[in-house]
Amino acid sequence: MKAFTHSIFIVQIPGAVSGFTPGEPSTVGEPLPLLAKILIPVVGVLFVVVVGVAWCCCVRGKERENFENPTESTQMSDWYLNSPYNISPESSIENSNFRSAGDWDADLALRQPAKISGHGESEAALAVEGTSARCAVTSLLTDPWWRVDLGRSYVVDAISILTGAHALTDFEIRIGDSLDNEGNSNQKFGGPYTTTSSQEKSFFCIPGIRGRYVNIRIAGDNKKLEICGMSVNPNPTGGPQVFSYEVDKDVANLALGKSASQSTVSHSAYPVRALDGNIDGRFSSSCCTHTYTTTDPWWRGDLGSSQYVSEVFIVNRVEASYRLFNIEIRVAILKYKPVEHSVQDAYDQTSLTLVCPEPFGYPEPLVAWVKDGVVLQNSSSDLTLNLSIIIQRGITTWAIDCVASNKHGADYYRFILNLRSRREMCTEFRDLVEGTRTAHHVVHNQVLAQNDNDIDNSIWYRFVSPATATPVQLPDSCTEPRTCGTQASGWLRGGHPSAEEGLVNRTVCFSWNDNCCFAEVPAQVKHCYGYYVYKLQPTALEVKARYCVENQDIHHEDALFHLLVSKTGVQLALTGHVIHTEYHVTSSWKCMAYCLIEVTCVSFNYYPQSNTCELNNSTVSSNPESLREGPGTEYYERMNLISLEAGSHL
């Protein structure tokens with residue numbers, strides 16, 4: 001699972017193991033790097049448990065059955081995380097004490113279906129029939145190739161080729177599961193290689209490449225390809241051999257130099273040796289760790305911080321390399337690691353979509369959305385990673401978890417939502433009062449151009465004209481570049497919302513050169529009574545950019561509310577007509593502002609002691625029977641204003 005929490009890597013040799021579910025065992029033979037692909041890329045601590053006694057100087061994933069448990073101890077030369085190695089591209093059988101083709105314990109290519117360019121399958125099969133008496137050969141062709149189908153996908157690290165009367169010059173080997181381009185576009189195993197005529201030669205790629213199809217190809221015109229024998233084996237079992245490895249500098253070794261521990265320490269072979277970068281493989285070079293012969297020995301490395309990890313490499317010890325049999329690499333969750341989370345504002349009675357960071361693992365994780373122990377949505381939904389909800393404000397904070405789980409464990413990412421009123425931004429905003437934001441302010445000197453990279457995307461803004469001290473708004477149509485005191489001028493695409501629409505999501509486009517939307521950023525806009533407020537993003541473009549403003553008459557009627565009390569001076573409240581209640585409202589003025597932006601609100605009750613605001617859709621004039629005495633309550637009613645000009649006609 002793409003980890004949200006600290007986790008534990010475990011490599012073990014199955015024995016008397018408690019607390020873990022054994023998986024498929026792997027075996028480390030000669031000192032070859034083992035690529036253990038942890039399909040739940042985790043963060044945090046690396047844990048290796050070897051049940052019994054074993055060594056490790058170079059580990060690579062393998063598939064075997066019917067293992068015997070040898071003397072059990074752990075001996076590891078080095079761990080590498082996310083840092084693959086490349087063995088020197090070829091090793092000649094004649095010059096190597098590694099093994100010969102006949103020593104391989106299985107030939108995955110033997111009598112498997114094959115194809116060759118320019119001929120049928122019968123010609124191609126000659127290379128894998130098990131003898132060298134006949135050869136698969138092409139005529140002179142452009143880019144000739146030969147391919148064998150292993151029947152299913154294997155991790156292949158070693159290939160032996162026997163040439164015939166013609167040498168193979170500048171050929172490459174590719175392995176993969178695709179037949180696109182006849183398999184010649186699969187991952188490169190190695191090359192270009194060259195062999196002489198009538199030569200048997202082995203080629204290695206450590207830690208191996210997984211694939212079903214093995215291709216041999218010579219690039220160029222007028223080329224002939226002749227193969228008299230070809231063997232493929234992912235599980236070499238020969239004698240000791242020290243190889244030369246090269247670390248891929250582009251991939252970080254997350255474990256290098258980190259702290260480590262293990263169950264016991266024998267021969268002063270301390271656990272930190274596995275993380276010191278020494279991959280010699282010989283115990284005499286102080287490269288390997290070592291435990292006593294015990295039940296369930298283990299080794300653990302601590303990455304020190306949260307890191308994404310998808311691959312683990314172990315370097316096995318050269319001598320007695322058989323000790324790493326049936327090893328397992330495990331992942332477990334560390335419960336003390338703080339949960340990763342995001343914090344954002346959410347407004348009541350609005351829809352919100354949360355997107356879970358995509359997890360991956362094997363088996364494929366199931367995803368569920370959980371709030372307060374209640375499952376809101378699970379993997380049966382078509383939108384597993386997306387959760388769309390309607391915010392209902394009752395408490396101030398929601399915590400919603402995206403939980404990903406498989407048989408190895410569970411992990412989750414938390415969304416913390418600060419629930420806020422969809423009206424409060426009309427009273428809680430910051431005024432931007434700048435006269436250089438209009439289209440009339442043209443800038444030709446780049447040095448003088450201003451930038452809005454200091455905009456705070458957590459607060460709401462209202463634009464105000466310094467000349468008239470009245471609200472202004474973003475333009476609704478394309479603006480000219482080099483205006484508004486900047487280079488790229490910003491305008492609102494989609495228009496401003498009506499009072500009924502209230503709060504909307506919009507896009508701000510920035511005009512530059514001949515492009516009205518050279519760049520765009522998301523924005524939120526709220527229609528308040530007589531003005532708009534905006535939640536904006538800081539500008540970080542190739543050129544300086546700024547939000548423009550223009551003077552527009554934002555239509556609204558003058559409004560006046562008056563406080564009603566009884567004839568005896570007792571405070572009053574209207575009951576039975578409350579359409580919405582707002583909390584944490586610190587003044588009657590804010591309560592009035594909320595009423596003005598609610599289309600159906602014509603009066604309100606305000607409770608100063610509890611800072612509560614009740615919006616009503618009726619008045620005392622319409623429903624006098626609903627008026628009640630309410631000590632500590634302030635009842636305000638909107639007045640019908642008649643202009644003096646209109647009154648003269650009465």
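Predicted model: local features only at pLDDT ≥ 70, side-chain atom pairs only at ≥ 80, totals over all residues.
Reader: What is the volume of the second largest pocket, and how many residues line it?

Author: The volume is about 510 Å³. The lining has 20 residues, and those closest to the centre of the pocket are Gln344, Asp345, Tyr347, Gln524 and Lys535.

Reader: How do the residues of that lining divide into nonpolar, polar and charged?

Author: Nine are nonpolar, eight are polar and three are charged. You can also read the lining by domain: domain 2 (343-420) and domain 3 (428-547) each give at least three residues to the lining of the second largest pocket.

Reader: Let's turn to salt bridges. How many does the structure hold?

Author: There are 18 salt bridges in the structure. When you read one, look at the distance, then at where the two partners sit. Take Glu182 and Arg147, whose closest N and O atoms are 2.9 Å apart. Glu182 lies in the loop between β10 (168-176) and β11 (187-195), while Arg147 belongs to strand β9 (residues 145-163), so this pair ties together parts that are 35 residues apart in sequence.

Reader: Which residue meets Glu424 in a salt bridge?

Author: The partner is Arg420, with an N to O distance of 2.6 Å. Here Glu424 is buried at 14% relative accessibility, and Arg420 is partly exposed at 31%.

Reader: Which residues are linked in a network of salt bridges?

Author: A salt bridge can be read as one link in a set, and here the linked residues are Asp143, Glu172, Arg174 and Arg217. Glu172 is buried, with a relative accessible area of 13%.

Reader: How should I read a buried histidine? Where is His496 found, and which side chains does it contact?

Author: His496 sits in the loop between β29 (488-493) and β30. Its relative accessible area is 14%, and because the cut-off for buried is under 20%, His496 counts as buried. The side chain of His496 makes polar contacts with the side chain of Asp476 (2.6 Å) and with that of Tyr534 (2.6 Å).

Reader: And what does the side chain of His580 contact?

Author: The side chain of His580 makes a polar contact with the side chain of Glu582, at 3.0 Å. His580 belongs to strand β36 (residues 578-582) and is buried, with a relative accessible area of 11%.

Reader: Now for the backbone. What should I expect of phi and of peptide bonds?

Author: Most residues other than glycine have a negative phi, and most peptide bonds are trans. That makes departures from either pattern worth a look. One is the cis peptide bond that joins Gly191 and Pro192, with omega at about 5 degrees. Pro192 is part of strand β11.

Reader: Where is Asp372 found, and what is its phi?

Author: Asp372 lies in the loop between β21 (366-371) and β22 (374-377). Although not a glycine, Asp372 has a positive phi of about 50 degrees. At 62% relative accessibility, this residue counts as exposed.

Reader: Is Cys484 buried or exposed, and what is its phi?

Author: Cys484 is buried, with a relative accessible area of 0%. Its phi is positive, about 60 degrees, although Cys484 is not a glycine. This residue is located in the loop between β28 and β29.

Terms used: Residues numbered from 1 in each chain as written. Heavy atoms only, no water. Salt bridge = Lys/Arg side-chain N within 4 Å of Asp/Glu carboxyl O. Helix = DSSP H or I, 4+ residues; strand = E, 2+ residues; numbered from the N terminus. Buried < 20%, exposed > 50% of the residue type's maximum accessible area, 1.4 Å probe, protein only. 1 Å grid on protein atoms, 1.4 Å probe; cavity = no way out; pocket = protein on both sides within 12 Å on 5 of 7 lines; lining within 4 Å. Points joined across faces, edges and corners; volume = space filled by probe spheres on them. Nonpolar A, V, L, I, M, F, W, Y, C, P; charged D, E, K, R; others polar. Domains from an automatic or database assignment. Polar contact = N/O pair within 3.5 Å; in protein donor to acceptor, adjacent residues only side chain to side chain.
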